[in-house]
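Here is a friendly walk through the metal sites of this entry and their surroundings. Have your viewer ready and follow along.

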Amino acid sequence: MKAVAQATDGARMGTTGSRRRLVLAAAVIGIAAAVGGAGCALFQSEQVAKGKHLYEHYCMHCHGEHGQQNEGYNWNQMPDPKPKDLSNKSEMSTFKDEEIFNTVSRDMKDTTPEIGDKIGDDDFAVPTMPTFKYTLSEEEIWAIVAYVRTLHGMQLTYNVEGRKKELTDQLQGAQQRFDQAKQTFDAAEKKASDEAEKSGKDVDDAATAKEQEAMGAAAKELEAAKTAVANFTARPKFAAVPRPDMTMAADVAAKQAEVGKRLYSNKYGCNACHRVGEEGGVVGPALDRAGFRLNGTWVVRWIKYPQSMKPETRMPNLGISDPDAKAIAMYLGTLQAPKPEKPIEKPAS
Ligand code: HEC
Ligand code: HEC
């Protein structure tokens with residue numbers, strides 16, 4: 001799509017040979033489509049198998065083995081809306097592959113009316129459906145989408161290999177632009193220092209400022225392109241969470257706990273997997289007594305980056321901001337239910 005748009009732009013500029021470029025671009029796209037289309041059945045079945053494996057680990061407790069209602073052990077423990085029936089072809093076929101991808105890979109939104117985030121019409125914002133954007137690679141999420149398609153008798157048609165190629169091409173382009181910008185800067189700098197030597201004055205930094213700025217911009221673009229390629233093929237990695245400072249005045253702490261309580265259910269849907277009292281899911285342990293059992297510093301570090309402590313945990317990294325994590329930890333600190341008479345049964349996992 002993008003290539004077409006660029007090619008047409010070129011044509012519109014009316015440069016000679018632009019028509020030939022347009023035809024060439026179309027030919028390249030044609031070849032890519034042919035290769036992608038042939039994108040052999042073997043690749044597709046491998047992708048679906050990989051997706052199945054991931055689905056069983058990250059989705060099945062809520063959506064069920066076959067994607068059906070009340071099939072997953074967490075399904076009827078959850079607040080409304082219940083996890084969607086992924087086996088329902090008449091409904092699921094109305095979603096494009098990209099839409100399913102975006103549901104599984106998105107940023108969580110505060111759904112509190114009035115004070116929450118502005119939510120656009122087409123944005124999926126159900127807090128109790130977690131995001132996996134910060135847990136899995138894009139390639140893994142596409143594999144999951146491919147598997148989800150089979151649950152309602154369809155096939156993924158999105159060209160995943162094409163997307164990968166697009167990203168690696170972008171990286172190559174960004175690398176070239178950076179190398180060029182660096183050469184230009186080096187040349188400008190040499191010229192400035194030659195002139196300084198001739199005139200016996202100090203090197204004029206202002207003379208190379210523009211080239212330096214351009215090099216800085218190209219370096220940023222290169223960094224972004226590298227991250228995009230890395231996140232496509234590998235799970236996202238983050239710096240270790242620094243030890244948060246949890247000291248605050250009692251009234252501030254109380255306010256924070258209130259905010260945290262709101263975010264807990266309206267933004268991050270922690271209640272989808274954790275029970276407090278009689279309410280909430282059973283994928284993770286009950287948090288009624290979190291105030292006794294867990295310390296705030298540890299909670300912040302765990303919820304911000306569970307995979308750094310337990311790489312294969314079913315609890316996803318929800319992309320929680322620092323202030324949100326702190327507020328939620330303050331809320332958990334207030335959960336001090338008395339010891340249960342009978343130990344609560346651990347859910348099967
Ligand atoms: C904690 C429970 C839970 C987990 C885990 C979970 N989901 Fe969901 N899912 C939900 C809920 C709740 C909804 C919202 C249903 C609704 O809005 O009707 C939902 C909705 C969806 C939808 C429909 C989106 C739409 O636009 O209506 C898809 C597709 C989906 N989930 C896929 C997945 C996949 C794939 C995974 C695993 C990577 C997953 N879910 C993990 C609870 C869960
Ligand atoms: C998709 C389900 C899921 C969601 C959503 C989820 N968790 Fe968890 N959580 C788990 C699981 C599973 C564990 C157990 C960790 C393990 O051993 O892998 C866990 C563990 C924890 C623990 C450690 C509990 C203990 O007793 O050791 C805390 C605290 C916690 N989660 C808080 C949260 C908070 C706060 C949120 C929302 C920001 C949240 N979780 C969202 C599944 C989830």
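Predicted model: local features only at pLDDT ≥ 70, side-chain atom pairs only at ≥ 80, totals over all residues.

A polar contact here is a pair of N or O atoms within 3.5 Å.

## The iron of ligand 2

Let's start at the metal. His-274, through NE2, and Met-315, through SD, coordinate the iron atom of ligand 2 at 2.0 to 2.2 Å. The arrangement is octahedral because the six donor atoms around this iron subtend angles of 89 to 179 degrees. For reference, six octahedral donors would ideally show angles of 90 or 180 degrees.

His-274 sits in the loop between helix 10 (250-266) and helix 11 (290-293), while Met-315 sits in the loop between helix 13 (306-309) and helix 14, so the two tie together parts that are 41 residues apart in sequence. Both His-274 and Met-315 are buried.

## The shell around ligand 2

Ligand 2 is surrounded by 22 residues, and the closest are Cys-270, Cys-273, His-274, Thr-313 and Met-315. By class, 16 of the shell residues are nonpolar, three are polar and three are charged.

A polar atom of His-274 lies 2.8 Å from a nitrogen atom of ligand 2, and a polar atom of Arg-293 lies 2.8 Å from an oxygen atom of the ligand.

## The iron of ligand 1

Now over to the other site. Here the iron atom has His-63 (NE2) and Met-129 (SD) as its protein donors, lying 2.0 to 2.1 Å from it. The site of the iron atom of ligand 1 is octahedral, with angles of 87 to 179 degrees among its six donor atoms.

His-63 belongs to helix 4 (residues 60-63) and Met-129 to the loop between helix 6 (97-104) and helix 7 (138-151), so this pair ties together parts that are 66 residues apart in sequence. His-63 and Met-129 are both buried.

## The shell around ligand 1

Which residues come nearest to ligand 1? Of the 26 around it, they are Cys-59, Cys-62, His-63, Lys-84 and Met-129. Helix 4, helix 6 and helix 7 are the elements that give two or more residues to this shell. Its classes are 20 nonpolar, four polar and two charged residues.

Among the polar atoms, one in the side chain of Lys-84 lies 3.2 Å from an oxygen atom of ligand 1.

Methods:
Residues numbered from 1 in each chain as written. Chains lettered and ligands numbered in written order. Heavy atoms only, no water. Near = heavy atom within 4 Å. Polar contact = N/O pair within 3.5 Å; in protein donor to acceptor, adjacent residues only side chain to side chain. Nonpolar A, V, L, I, M, F, W, Y, C, P; charged D, E, K, R; others polar. Donors = N, O, S within 2.8 Å, 3.2 Å for Na, K, Ca; no water. Tetrahedral: all angles 85-135°; square planar, octahedral: opposite > 155°, others 65-115°. Helix = DSSP H or I, 4+ residues; strand = E, 2+ residues; numbered from the N terminus. Buried < 20%, exposed > 50% of the residue type's maximum accessible area, 1.4 Å probe, protein only.
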